[in-house]
Structures are given as C-alpha cells and as structure tokens.
Amino acid sequence: MRRLIPFAVLAPVILLAACGTEDASETEATGEITTAEALADAVLDRYEANVGQVDSFTVVAGDVQAQYALADSAGVDRFDPPEVTPTGDGQVSPERAQLLANQVPNGRRLARGLRTADFEGQITHDGREVYLLTSEDPGVLIGEPGNAAPGQEVETRVYIDAETFDVVEIYRGLAVADSASTDSVATEVVGRIIYSDFQTTDGLTLPFTIREVTTGLVGAMDEDARMIRGGQLGLQLRQLQAQPQSAERDAQIAGVESELRLLNEGILENEIRVESVRIDGSE
C-alpha cells in the first residue's frame, strides 16, 4: 500500500479555532471587512483577546489531555506545542494526539500567513455567516508563505466566523498521483479540520468538538494491497462480532470499521470531544 497522506501533513501546526461543512448553498453577502489584511487583523485581535492573559491551561478529552504552556523563547508563538498525555494508564494514539493539539490554532502565525491569501468575501457556509480566504500556498497556515513545493497543487480555504472571528474550518486539497491509473491521472486528497461547540471557561473560549475528515485516499493506495487488507479486516470484524459484548470489544469494532471505510471509500475520520478545560495560570 502506498503511504497515505495524513491531514497532519496537509495542514501542519494550526495551533484557536472551529466548524463548518462544504455547502452548495453558499451565497455571497456584503460585509464590513473587504480585504485579507483587515480580516487577518481581526483574527489576530480575537486571538490576543482570548488567550493573551492566559499563561497555561489544560484540556481534557476522555482518555487524553493536552497541557499548554507559554513558549520557552521569545518569538511569534505564545504557547509551545502542547504536551499530550493519557489521563489513565493507556497510551495516546498519534491521531488523537495530533487532533487534540490542533484544538488551539496559532492565531499569530495564522494571521500573518492569511495576509497573503485571496479574500473571497463574506458568504453563508453551513448556515452561518463567514469570511472565506483561499490560497494555493500551504505556508499560509503556519505564517510562512512561499513554502509550496514545485509542481505541488494545493488548495487552502479558511472559513472565519463573521461575528466572532473564530476560525471555523481549515480545508486543504492536495493533488496526488492516482496509483490505480496507468496514465498517472491526479486525484485530490482533501483534508478538513472542523471546529464546533465553542464554550468559555474563565474567559477562555475554545471549541469543544474537533473533527478531522480526510477524503480521496483510495486513489493513493495500491489496489492489490487494499484488497488484501480489506479481506483481513473483514475476517477480524467477524471474529470481534462473535465475542461477548464489552466496551473494549466495541472500541475494537469501531476501529476496524473505520479502517474498512478508509479502504472502501477513501474516507478517514477522527473526532475529539472535550470534557473540560482548566486554566492553570494567568498574567
């Protein structure tokens, strides 16, 4: 099987943000902000107002937690990448660790990068008014425009709530060679991080649901390897279903079904639901 392209690669280090889904009913509207520069300023102001007085905080989501602390060195980043650890004796999967780390996008870097994006205006997206910025440069998400690899086709969309200026969705599309095609036709792998259920704890507002969806992965897989793995998973699923019901067995079934969906439909989904946020320090 060819190496898959996880969304952790498609959308690196987006440390404050949030939800939305692509909707064909999106309609243009008139907003007060009319440039990418002005919108980037609003995103930065929102970030500073939200986290500017917080030194450290801890986010708990089921079996994992993320601890954010002030950056060790002076620079653009207020916080270091969070330390993600299990809340019990178990281990943290890389997927859950990455998704929880993405809960607090770095508004300073994001605002710096979005100044170079294309301002598409205010639209209705998934039932809410948002501003849309687009770019073909993957560096905009980490505040380092100009990092696109030669010949790499990337589409980036950032949806920003028109009222709160929270980021409600990060969309990345990447063209990759289709392994099932003899003429190397490119297929698009789309990765999205969707934020919702914003809640405020001691003045700090964070999304309590973070969902990652990657689609289009079938074209990036070797067909023979995909079929072999599908057969293995089908057998594993039947064996699990024959076992007595338990929380561990149900979790294993969910994992197998998720991988089967990836193999059959090219869709990979992960979701984190935050249970609590604790403010550990403030200025």
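Here are some questions and answers on ring pairs, strands and salt bridges in this predicted model.

User: How many aromatic pairs does the structure hold?
Analyst: One of them is F57 with Y68, a stacked pair. Another is F119 with Y131, which is tilted. The total for the structure is 5 aromatic pairs.

User: Is the F57 and Y68 pair stacked or edge-to-face?
Analyst: The ring centres of F57 and Y68 sit 4.7 Å apart, with 15° between the planes. Planes under 30 degrees apart count as stacked. So with its 15° angle, the F57 and Y68 pair is stacked.

User: Which strands does that pair of F57 and Y68 link?
Analyst: The two residues are 11 apart in the chain. F57 is buried at a relative accessible area of 0%, and Y68 is buried too, at 2%. F57 lies in β2 (residues 54-61) and Y68 in β3 (residues 64-69), so the link, going by the DSSP runs, is between β2 and β3.

User: Which residue stands opposite F57 in β3?
Analyst: β2 and β3 pair in the antiparallel sense over 6 bridges. They form a hairpin with 2 residues between them, and G62 in the turn has a positive phi of about 65°. Across from F57 stands Y68.

User: Which residue forms one aromatic cluster with F57 and Y68?
Analyst: F57 and Y68 already make an aromatic pair. The cluster they belong to takes in one further ring, that of F79.

User: What is the bridge partner of A66 in β4?
Analyst: β3 also pairs with β4 (residues 83-86), antiparallel, over 4 bridges. Within that pairing, A66 has as its partner V84.

User: Is the F119 and Y131 pair stacked or tilted?
Analyst: F119 is in β5 (residues 118-125) and Y131 in β6 (residues 128-135), 12 residues apart. Their centres are 6.1 Å from each other, with 35° between the planes. Stacked needs under 30 degrees and edge-to-face over 60. An angle of 35° falls between those cut-offs, so the pair is tilted.

User: How many residues of α4 are buried?
Analyst: Helix α4 covers residues 107-114 and is mostly covered. The buried ones are G107, R109, L110, A111, G113 and L114.

User: Which residue forms a salt bridge with R109?
Analyst: R109 is buried at 17% relative accessibility, while its partner, in the loop between β6 and β7, is 35 residues away in the chain. The closest N and O atoms are 3.5 Å apart, and the partner is E144.

User: In the salt bridge of R128 and D161, how far apart are the closest N and O atoms?
Analyst: R128 belongs to β6 and D161 to β7, 33 residues apart. R128 is partly exposed at 27%, whereas D161 is buried at 10%. The closest N and O atoms are separated by 3.0 Å.

User: The charged end of R157 sits over the ring of which residue?
Analyst: R157 is buried at 15% relative accessibility. Its side chain meets that of E155 in a salt bridge (2.9 Å, N to O), and E155 is partly exposed at 29%. The charged end of R157 is 3.9 Å from the centre of a ring, that of Y171.

Note on methods
Residues are numbered from 1 along each chain as its sequence is written. This is a predicted model: local features need pLDDT of at least 70, side-chain atom pairs count only at pLDDT 80 or more; totals for chains, interfaces and linings use all residues. Side-chain values use heavy atoms; hydrogens and water are left out. Buried means under 20% relative accessible area, exposed over 50%, partly exposed in between (1.4 Å probe, protein chains only). Rings of Phe, Tyr and Trp (its six-membered ring) pair if their centres lie within 6.5 Å; planes under 30 degrees apart count as stacked, over 60 as edge-to-face and the rest as tilted. A charge sits over a ring if NZ of Lys or CZ of Arg is within 6 Å of the ring centre and within 35 degrees of the ring normal. Two strands pair if DSSP finds at least two bridges between them. A salt bridge is a side-chain nitrogen of Lys or Arg within 4 Å of a carboxyl oxygen of Asp or Glu.
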